[in-house]
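Please look through the report that follows with the sequence and the structure at hand.

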Amino acid sequence: MRLATGARIVWCPGCGNFGILKAFTQAVEELSAEVELERFVLVSGVGCHGKIADYIALSSFHTIHGRVPPLLTGIKLANPGLIVVGFAGDGDMYNEGLVHLIHAARRNIDATLIVHNNSVYGLTTGQATATSPRGFRGRSTPEGNPEEPLNPIALMLASGASFVARCFAGDTAHLKQIVKRAILHRGFSFIDVLQPCVTFNNTWKLYKEKVRPIERPPESREEAIKLACSADSVLTGIFYSEERETCEEQVRIEARHASVKTLIEKLK
Ligand SMILES: Cc1ncc(C[n+]2csc(CCOP(=O)(O)OP(=O)(O)O)c2C)c(N)n1
Ligand code: SF4
Ligand SMILES: [Mg+2]
């Protein structure tokens, strides 16, 4: 792998994170024909997924639990010429940092966020997260999870994300294509990746049986939400994509207005 750092990979053999690493690095290698690698900045959260930044030879920042979106926002506002990509866990994003996720989507910051959704707190050895299914037995729910899971796709669509997709870590060719589309998308691009955790929530068999592509891409946000809420919760592909003003464009317009106002005041 051209982008390998040489660091020893410590994920459990068979972990779905390997598929995400492979697809992402292939996507960046293919994009490198048109985008300089120096422009990439990666941000990763806390958890097994967070180690991905150690394995990719690009500039990166390993932040604290649940705080990937504020880092993406700050980096992009400081230097809009950078291509910022975040990697987060489901516990990281759908529990600890849920509010940050919603605001990043609402503001439409031009960044990509890849959530390694294994439906479990992996690094801390198997507690239930917001996406664990009802009945899931783990360290914190030995009698079975009593809660219904969160629907991240519907949540992101309702929060205003301008690119919303779901992929499966076992289909790296599809994931690579979606990662490329997400990086090239202007605005907040969100990918929920179904990522089996072989040690604490082994979903390989389930997903291999249940994952299937979206047949007809929804034409509106409303249609996409309907599809995301349909009983079939393992559809993969792009649920919705639209172009609209980004957060950094809006901030720059406001800043220009503010500086014109200051100038007028001075001239008075
Ligand atoms: C604020 C805070 N709360 C809790 C922890 C403990 N902690 C470290 S990793 C982790 C689990 C991470 O789970 P997830 O985000 O799903 O990532 P995974 O390990 O599954 O990739 C937790 C709870 C922490 N480091 N910081
Ligand atoms: S505990 Fe689970 S998520 Fe963490 S490296 Fe092992 S298989 Fe992967
Ligand atoms: Mg997890």
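## Helix α4 and its surroundings

Directly after α4 comes Asn-108, a residue with a positive phi, near 60 degrees; this value, like the others in this report, comes from a predicted model. Helix α4 itself covers residues 98-107, and His-100, Leu-101, Ala-104 and Ala-105 are buried within it. Viewed down the axis of α4, these buried residues fall within an arc of 135 degrees, and therefore they line one face of the helix.

The open sheet has eight strands with mixed pairing, in the order β2-β1-β3-β4-β6-β5-β8-β7. Because β2 (59-62) and β7 (212-213) stand at the edges and have a single partner strand each, one side of each is left without a neighbour in the sheet.

Strand β4 (residues 112-117) pairs with β3 (residues 83-89) in the parallel sense over five bridges, and with β6, also parallel, through six bridges. Val-115 is in turn bridged to Asp-192 in β6.

In a regular strand the side chains alternate between the two faces of the sheet. In β4 both faces are covered, with Thr-112, Ile-114 and His-116 buried on one side and Leu-113, Val-115 and Asn-117 buried on the other, and so six of the six residues of this strand are buried.

## The fold as a whole

The protein has nine helices and eight strands, and its C-alpha trace spans about 70 × 45 × 35 Å along the principal axes. For 268 residues a compact globule would have a radius of gyration near 18 Å, and the 19 Å of the protein agrees with this.

Of the 268 residues, 45% count as buried. Among contacts between residues at least 6 apart in sequence, 70% join residues at least 24 apart.

## The shell around ligand 2

The residues around ligand 2 come from several parts of the sequence: Trp-11, Cys-12, Cys-15, Asn-17, Cys-48, Asn-118, Gly-122, Cys-197, Val-198, Thr-199 and Phe-200. Sorted by class, this shell contains seven nonpolar and four polar residues, and no charged residues.

How values were computed. Residues numbered from 1 in each chain as written. Chains lettered and ligands numbered in written order. Predicted model: local features only at pLDDT ≥ 70, side-chain atom pairs only at ≥ 80, totals over all residues. Near = placed C-beta within 6 Å. Nonpolar A, V, L, I, M, F, W, Y, C, P; charged D, E, K, R; others polar. Pairing = 2+ DSSP bridges. Helix = DSSP H or I, 4+ residues; strand = E, 2+ residues; numbered from the N terminus. Rg over C-alpha atoms; globule rule 2.2 N^0.38 Å. Buried ≥ 20, exposed ≤ 12 C-beta atoms within 10 Å, placed from the backbone. Contact = placed C-beta atoms within 7 Å. Arc of directions from axis to C-beta.
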